[in-house]
Amino acid sequence: LLIGSASQAWSFQLRLAPAADQTACGWSYGDCGDDEVFARWYTFLVNYRVNNDAATDLDDPDLTQGDIVGAVDASFQSWEDVPSAILRFANAGGTDNRISGLDFVNTTLFYDAALDDDECAGSLGEASGTFAMTISTIKTTGEIVDVDVVVDSADDWDWDDTDCVGFDLQSTLTHEYGHMVGFGHSDVCPGDGVDRPTMCQHGGTCDR
């Protein structure tokens, strides 16, 4: 395991290594303790970048590029703060890269229909549909080599959505970076709001 946690076993599942090296947005999952090859990073320091046009693609005056980068940094920090975590994350600066499983640049971006024609991203572009996704390149050995996180610019985003009107960027990114670490969705999601484990599959505007 990359991260040891005191959470109950049902609070997350682990991504399994694929049958062939591939880039995809959906994976098979196993439970902790299974005799399987799990997806994981082969390094203790994972670099990440934010696309330089994130704020432009979002086109929301309430969130600047600095706000987006701040939310990204805080979300990665939350995974570093997990007790016994051994992974560390480093902001390597901005990038013009977008979705690519072969550029080995872990990029966070907002969806732009003119530029993001990836098969996975085809489900984005409509408000209240799929509002964020993690696209990972994983080898048969389980090694994670590239992860791009795409946030849907069609939805209403806020950094601190206390009114539950839109989607909270930081909490959503923390969830997506959980996939980046190698975690799948929780198979049991009790309660709402703050009572929901980070890896619960996103529900309504207040259940994320």
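Q: Which residue does the disulfide join to C25?
A: This is a predicted model, and it holds one disulfide. A disulfide is a covalent bond between the sulfur atoms of two cysteines. Here the S to S distance is 2.3 Å, and the residue joined to C25 is C120.

Q: What is the handedness of the disulfide between C25 and C120?
A: Look at the torsion about the S-S bond, which is about -95°. Because of that torsion, the disulfide of C25 and C120 is left-handed.

Q: How many residues apart are C25 and C120?
A: The pair links distant parts of the chain. C25 is in the loop between β2 (22–24) and β3 (29–30), while C120 is in the loop between β6 and β7 (132–138). That puts the two cysteines 95 residues apart.

Q: Is C120 buried or exposed?
A: Start with C25, which is partly exposed at a relative accessible area of 37%. For C120 the relative accessible area is 12%, and the cut-off for buried is under 20%. So C120 is buried.

Q: Which strands stand at the edges of the open sheet?
A: The open sheet has six strands in the order β2-β7-β8-β6-β4-β5, and the pairing is mixed. Two of these strands each have a single partner, so one side of each is left without a neighbour in the sheet. From one strand to the next the twist averages 20°. The edge strands are β2 and β5.

Q: What is the bridge partner of M133 in β8?
A: Strands of a sheet pair through backbone hydrogen bonds, either parallel or antiparallel. β7 and β8 (residues 144–151) go for the antiparallel sense, over seven bridges. In β8, the partner of M133 is V150.

Q: Which residue in β8 does F110 stand opposite?
A: β6 and β8 run parallel and are joined by three bridges. On the β4 side, β6 is also parallel, with two bridges, and there R49 stands opposite T107. Back on the β8 side, F110 stands opposite V151.

Q: Which residues of β6 point the other way from T107 and L109?
A: T107 and L109 point one way from β6, and two other residues point the other way. These four residues are buried, whichever way they point. The two on the other side are T108 and F110.

Q: Which residues have the most contacts inside the largest nonpolar core?
A: In soluble globular proteins, nonpolar side chains tend to be buried together. The largest nonpolar core here has 40 residues. β4, α1 (54–58), α2, β7, β8 and α3 each give it two or more residues. The residues with the most contacts inside this core are I68, W157 and L169.

Q: How many residues are in the other core, with I99 and L109 among them?
A: This other core lies apart from the largest one. C120 and A121 are also among its members, and C120 is the cysteine that the disulfide joins to C25. The count for this core is nine residues.

Q: Which residue's backbone oxygen does the side chain of H179 reach?
A: H179 is in helix α3 (residues 169–181), and it is buried, with a relative accessible area of 6%. Leaving aside neighbours within four places in sequence, H179 is in contact with R15, T134, G184, H185 and M199. As for the backbone oxygen, the side chain of H179 reaches it at 2.8 Å, and the residue is F183.

Q: Is F104 buried or exposed?
A: F104 is found in the loop between β5 and β6 (107–110), and its phi is near 55°, a positive value in a residue other than glycine. Its relative accessible area is 55%, and the cut-off for exposed is over 50%. So F104 is exposed.

Q: What is the phi of S84?
A: S84 sits in the loop between α2 (65–80) and β5 (88–95). S84 is exposed, with a relative accessible area of 60%. Although S84 is not a glycine, its phi is positive, at about 70°.

Note on methods:
Residues numbered from 1 in each chain as written. Predicted model: local features only at pLDDT ≥ 70, side-chain atom pairs only at ≥ 80, totals over all residues. Heavy atoms only, no water. Buried < 20%, exposed > 50% of the residue type's maximum accessible area, 1.4 Å probe, protein only. Polar contact = N/O pair within 3.5 Å; in protein donor to acceptor, adjacent residues only side chain to side chain. Contact = heavy atoms within 4.5 Å. Disulfide = S-S within 2.5 Å. Pairing = 2+ DSSP bridges. Axes fitted to C-alpha atoms, helices over the stretch in contact; angles between N-to-C directions. Core = buried A, V, L, I, M, F, W, Y, C linked by side-chain atoms within 4.5 Å.
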